[in-house]
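User: Hi, I'm new to this one and would like a quick tour. Can you put it up and start wherever you like?

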Amino acid sequence: MTAVVLSAASIAPQRWRNGGGQTRELFAWPAHGPWQLRISRADIDADGPFSSFPGVTRWFAVLHGHGVVLTLAGRRQQVHADGDALCFDGALAPDCELLDGPTQDLNLMSTDGASVMTRAVPGVPWAAPWAMRGLYTTVAGQWRTAHQECAVDAHALLWQGAADTSAWTFTPEPGSCGSSWWLGFTPKG
């Protein structure tokens with residue numbers, strides 16, 4: 001199956017109800033009905049609470065900015081652009097405090113299945129048995145598998161909705177600076 005590449009810039013942002021930021025929904029599965037997987041990029045402009053998502057596993061990573069402090073069940077957790085993704089129960093609806101100005105963030109939310117968000121190390125293969133896999137990158141580069149390859153622009157989601165256990169690699173353009181994330185989801189059953 002051929003991978004699809006979606007540019008974040010081509011998706012209209014939606015303002016949050018609390019006015020603290022905006023979200024671009026990059027991908028939702030299934031396309032009709034309640035989603036089991038949702039990938040979005042958010043711009044957080046002000047301190048405030050996250051929305052509550054009971055029954056949802058939520059992955060969160062800072063793409064740009066100095067980071068945030070999330071208060072989860074009374075515990076403060078710092079998340080920075082150079083750090084790992086944080087996984088938490090979406091029902092917790094943490095308070096979010098910006099460390100030093102606005103941030104841009106990547107979110108993966110899932111229900112009824114298993115999911116992952118892990119940093120893509122440039123040129124290092126990632127082979128994982130997920131039913132669906134993807135890559136989000138803030139830098140342009142080349143994505144490769146044993147059977148496919150394509151150029152991916154900065155701030156784009158590459159998504160493959162069929163099982164593929166072959167190793168994937170992503171190599172950013174020389175001299176580029178940013179982050180890239182592998183994403184995976186397998187529904188129950």
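**Tour of the model**

Analyst: Let's start with Arg133, which is buried, with a relative accessible area of 1%. Buried means under 20% relative accessible area, exposed over 50%, and partly exposed in between, using a 1.4 Å probe and protein chains only.

User: Where is Arg133 found?

Analyst: Arg133 is in strand β13. Strands (E, at least two residues) and helices (H or I, at least four) are DSSP runs, numbered from the N terminus.

User: And what kind of model am I looking at?

Analyst: It's a predicted model: local features need pLDDT of at least 70, side-chain atom pairs count only at pLDDT 80 or more, and totals for chains, interfaces and linings use all residues. Residues are numbered from 1 along each chain as its sequence is written, and side-chain values use heavy atoms, with hydrogens and water left out.

User: Back to Arg133. What does its side chain reach?

Analyst: The side chain of Arg133 reaches the backbone oxygen of Ser166 at 2.6 Å. That's a polar contact, a pair of N or O atoms within 3.5 Å; within protein, one must be able to donate a hydrogen and the other to accept it, and residues adjacent in sequence count only if both atoms are side-chain atoms.

User: Which residues is Arg133 in contact with?

Analyst: Leaving aside neighbours within four places in sequence, they include Trp126, Leu158, Trp159, Asp164, Ser166, Trp168 and Leu183. Contact here means heavy atoms within 4.5 Å.

User: How many aromatic pairs are there in the whole structure?

Analyst: The search finds eight. Rings of Phe, Tyr and Trp (its six-membered ring) pair if their centres lie within 6.5 Å; planes under 30 degrees apart count as stacked, over 60 as edge-to-face and the rest as tilted. Take Trp126 and Trp182: their ring centres are 5.1 Å apart and their planes are at 10 degrees, so the pair is stacked.

User: Where do Trp126 and Trp182 lie?

Analyst: Trp126 lies in the loop between β12 (113-119) and β13 (132-137), and Trp182 in strand β18 (residues 180-187), so the pair ties together parts that are 56 residues apart in sequence. Both Trp126 and Trp182 are buried.

User: What about Trp143 and Trp168: stacked or edge-to-face?

Analyst: Their ring centres are 5.1 Å apart and the planes are at 90 degrees, so that pair is edge-to-face. Trp143 is in strand β14 (residues 141-144) and Trp168 in the loop between β16 (156-160) and β17 (169-172), so the pair ties together parts that are 25 residues apart in sequence. Trp143 is buried at 1% relative accessible area, and Trp168 is buried too, at 0%. Ring pairs link Trp126, Trp143, Trp168 and Trp182 into a cluster.

User: New topic: what is the volume of the largest pocket?

Analyst: About 380 Å³. Of the 17 residues lining the largest pocket, the closest to its centre are Trp16, Thr23, Ser51, Phe53 and Arg58. On a 1 Å grid over the protein atoms alone, a pocket is an open set of points with protein on both sides within 12 Å along at least five of seven lines, a cavity is a set where a 1.4 Å probe fits but cannot get out, and lining residues have an atom within 4 Å of a point. Points are joined across faces, edges and corners, and a volume is the space filled by probe spheres set on them.

User: Which element gives the most to that lining?

Analyst: β4, with four residues.

User: And how many cavities of 30 Å³ or more are there?

Analyst: The count is one.

User: Which residues other than glycine have a positive phi?

Analyst: Among them are Asp112, with phi of about 50 degrees, and His155, with phi near 55 degrees. Asp112 lies in the loop between β11 and β12 and is partly exposed at 47% relative accessible area. His155 is in the loop between β15 (149-152) and β16 and also counts as partly exposed, at 21%.
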